[in-house]
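Here's a quick briefing on how this assembly is put together. Have a look at the model, then read on.

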Amino acid sequence: MSSEYEPKVLMFTCNWCSYAAADLAGTSRMKTPHNIRIVRVMCSGRVDPQFIIEAFAQGADGVIVSGCHPGDCHYMEGNYKALRRMLLLRKLLGQLGIEPERLRLEWISASEARKFVEITTDTAEKLRKLGPLKPRLDYVRKIMEEVVK
Amino acid sequence: MRDKDVRIGVYICHCGTNIAGVVDVEEVARYASSIPGVVVARHYTFMCSETGQNMIKDDIKNLKLNGVVVAACSPALHEVTFRNAVKEAGLNPYLFEMVNIREHCSWTHTDRRLATEKAKDLVRMAVAKVKELEPLEEVKAEVVNSVLVVGSGVAGLSAALTLARAGLTVYIIDKRPVLGGFVTRLVNIAPIGIRGREFVKPMIDELVKMPNVKVLTNAEVISVEGGVGNFKVRIRQRPTYISDSCTLCGYCEKACPIEVPNEYEGKLTMRKAIYLPFKEAYPPKYVIDENACTKCGKCIDACPVKAIDLSVKERYIDLNVGAIIIAVGHEPYEPDKGEFGYGLTRRVITSLQLERLLDEEGPTGGRFIIDGKVPKTIVFISCVGSLIGNKTTNACSRRCCSTMTYDTLKILSKNPDSHIYILYRDIRTYGFEEELYWKALENGVVFVKFEEPPKVEVMGDKIMVYVREATINKNIVIPADLVVLFVSMTPSNAGEIVRIFKLSRTADGFIREAHLKLRPAETPTEGIFLAGAAAGPKGVMESVIHGAAAASKALALLLNKKYILREPLVAKVDEELCSGCLICVGMCPFNAISVKYVGERRVATVNPLLCMGCGTCAAACPSGAMEHNGFKDKQILAQVRAFAGVVV
Amino acid sequence: MSPKVRVALYWLASCGGCEESQVDAISDKIDIISNLEIVFWPVAMDFKKEDVEKLPDESIDVAIINGGVRFKEHVEMVKLLRRKSKIVIAYGSCASWGGIPGLANLYDINEVLSKVYSEVPTLQEKGVMPRPKSVTNEGMEIELTEVLPMLLPLDAVIDVDYYIPGCPPTPETFLKALETLLSGNLPPRKSVIGASTRALCEECPLNKTKPDKVLIKEIRRIYNTKIDPSKCLLVQGIPCLGPVTRGGCNAKCPRVGSPCIGCYGPLDKHIDYGAKAISFIASILDLNDENEIKKALDNGIPDPAGLIYKFTLPASRLKVNLKRGEHK
């Protein structure tokens, strides 16, 4: 078992574009980092910032939200709502001590298997450099346990 | 679901060696059975096979499973397969979750240990979600076996014919007083020189004879409600002052004192306020241009069969239809006064006006003369309104190059001594219409390539055309007798249509199809289809095909069906929690959310027939009152929380 | 004659507003007052800690505690009161979720103390930090309780039975909560009582002025915007947290043209109040270009945490600025 830190990434992918791109990457036998766990939603517009905060609280080192390119959303405008929410959420995360780079919003269309590979690989790499989030959560947990004693 | 009520079966597929070659499927199954709530975990070579499916069905029956997880290939392939298997075994098909451990795992990772850990994580997340899933029933939408076709151009006619021949009831409406659409203004359609009016006549003749077809002219849709299978459409029909007794004698026309430019003659000549658009027109009767008519009544006196009644009012018609096909066509770009000299002289005309001048039945009887003289030097300027001009869309209008090259041949057949210059950005005579380009070249047409738009100056008798030829990089001046601007197709009343039918537009203003390649002739709204130039520049052949495609899709939806079943993965309001804040209403591009009252309380409500199931409203709902069936907060959060034990 | 209800009222890191609202609510309600036996109420009566320690366990019927847990002393006191009480109520936003003092969790506690005792202009001796033990001029040794590294809501330290929301809870809310408690029909433990189960928009008179679709093109600040008090504030671009906040206050702020700042806290289905607020505010900002959105957010919400976590940061999923522990 390697003791080197490997980032844990939760990725929300929209059914019509990004999930299909992930499928295509697999079908084409392209290699992606093993750090990603995908949660499938129908549209990136379904992604509630509460899910993302929960993901970080559960030890995710990074979260990727991916949807269709602007103008191509299967449901017309869901991805625009996702864009607006992620931009505001990133600002908030910065104030909560979570580097904004840990939350990525990417547009990946169904045919962009290569882009899927690039983004997941790049995310894993960047998060390795940023370091794990868990120690900070552990620290808070420790304080609370100490206080209550 | 509390743990002791939960009985989940987990099935890990080997997919031959596709999964098992990288993922330790036995280990994953062992792990799955250790998860609280999982009563059985199996692994098998091909879960999608009959044997595999029976495994699941038997377990559901014998072990009383109330949740199923299959870890295999992508749900895009077999989600439906397994849902059906679950359903056949007597369990609600929505108590099922599929995990992708092939495309997303064994096919993309090489490290056996890490891939196995990932498969375990994904199974754990799916089990957590299944624990929170609830049984769902598909939504039955009653279906009305009729279709409304909006627009009677070639696309609309093609669609209406396809539908009517299949036996559906078809309502075809047009905002104009006659059927046939834009092609009735064309006489020389490339590449074989079709006369538009003759082309549509047999289509119209066949259509109007059918008992299941109802034609409404002077009619426009003013509102649409409901959803696929059952649209409620309100149509406003402007008054048709002239009854079917009209014998086409024309005495009314002679008596009418009002003259206006005739759009059926490219505005080259005048017509009366009461007129017959063209002799093949259907309905076969005179029409009154309400914008020009002064209601003086002279026509009434002149009519020998008393067919005219100016007191007729507009009327409203309500229709119930199962599907709608939008085929509202386009309008040619109208250059501004002064644009390339247009409007400053009669010697600068549009391609449409050229059509009229070449028509035997046109204002010049087919003699190609302008201002009484035969034009010797003619300059065609292409891409006006698309790539060059005061307003551009930066999109090719598709038909102009073929039309241009074909028109040169027509002109040359009338006046072989003409010198024709075609000023072009690119020549796009696609498919076998490439032949037209070569024929034009062989016949001495000079092709001048420009990159910057040419300039046009009126100098007395001649029109001076200045252009920088891009291939030889030299400035050229052509003293022309006639300049023809080949104008683009523009989206005509797309704005109104889009507003009424709640559709959307492309970047260049046409009505948007659901997906250019995968879903042509459809709009993102279920039950509303799109055909013809309304979706973007198209020729006659393409429009006819498009219309038939739209009709086929409507047929697939409605034919022989009493109802259609919609997936229940739609949004739903918990009215107990809803505060009536209305945030959700503005989120829905399909207008599926409206407002209702529970006693005094205003709450939101979702029409499950309109909802497309994106969940955007659920994410936006500030109270958590809006839920997305199959993707509820608690269901997704279960997956996120199960992420916590992830091993990388 | 039925026995009186034995009540303890205690304050932690508190501004005194809850005390005022409690007195406001019941000062003229003789029937309620005459049925109460107050056994501990430091703000108004001279009880000491020893008096509480002497009481048998669970002999206090209801302990009503307001304020956030900021000091070690608070931890000791609330644990004591928990032992001695049948029911413990977190009264007000601070006890329920940390309240405004919770915003201190965005900073390292040493930063906060430094700001207060070293940097803020003062006539006192500068730079004198609170000392756990010191000797007065008269030679007496006094102890000062230790400041905790983060502010906690009450339920992070002890088991809380009910929550009464608000900053402060309105008299109506308090009375309604008392009514519920005294009815004999106790709601499920850990419920929020005295307030609504739905968001504030339901009781807001401006709700019915909303157009069909609530969509805005910019987010405005109240200090430089002329607000029309007769129309929904959200529609005017003012970030009003009414839609995401529990009702029960009768929409007292929007009613006078002031946007809701969320003091009645989250609704039952919220996982993280602030994240939900982010979701709906961003969703209704009707812009699609990334740069335009960024600009609108920078202009309209320069401090997202201050806007949405004003009362609820310690109860949020992340609770603190996680970067504070970096140096450890």
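The largest nonpolar core has 363 residues, a core being a set of buried Ala, Val, Leu, Ile, Met, Phe, Trp, Tyr and Cys residues joined through C-beta atoms within 7 Å. Buried means 20 or more other C-beta atoms within 10 Å of a residue's own, with C-beta atoms placed from the backbone. Keep in mind that this is a predicted model: local features need pLDDT of at least 70, side-chain atom pairs count only at pLDDT 80 or more, and totals for chains, interfaces and linings use all residues. Residues are numbered from 1 along each chain as its sequence is written, while chains are lettered from A and ligands numbered from 1 in the order in which they are written.

**The core**
- The residues with the most contacts inside the core are A71(B), I325(B), I326(B), V483(B), C584(B) and I65(C).
- α5(B) brings the largest share of this core, ten residues; helices here are DSSP runs of H or I, at least four residues, and strands are runs of E, at least two, numbered from the N terminus.
- Leaving out residues up to four places away in sequence, I65(C) touches, among others, Y10(C), L12(C), V78(C) and L154(C) (contact: C-beta atoms, placed from the backbone, within 7 Å).
- As a rule, nonpolar side chains in soluble globular proteins tend to be buried together.

**The sheet in chain A**
- Four strands form an open sheet in the order β2-β1-β3-β4 (chain A), paired in parallel; pairing takes at least two DSSP bridges between two strands.
- On average, neighbouring strands are turned by 20 degrees against each other, direction ignored; axes are lines fitted to C-alpha atoms, for helices over the stretch in contact, and angles run from 0 to 180 degrees between N-to-C directions.
- Strand β3 (residues 62-67) of chain A is joined to β4(A) by five bridges, and I64(A) stands opposite R104(A).
- Helix α1 (residues 18-27) of chain A packs on the sheet, touching β1 (9-14), β2 and β3, with its direction at about 110 degrees to that of β1(A).

**Where the chains meet**
- 36 residues of chain A are in contact with 40 residues of chain B.
- α4 (102-106), α5 (112-132), α15 (616-620) and α16 (633-642) of chain B each supply at least two residues of chain B's side.

Methods:
Two residues are in contact if their C-beta atoms, placed from the backbone, lie within 7 Å. A residue is buried if 20 or more other C-beta atoms lie within 10 Å of its own, exposed if 12 or fewer, and partly exposed in between; C-beta atoms are placed from the backbone.
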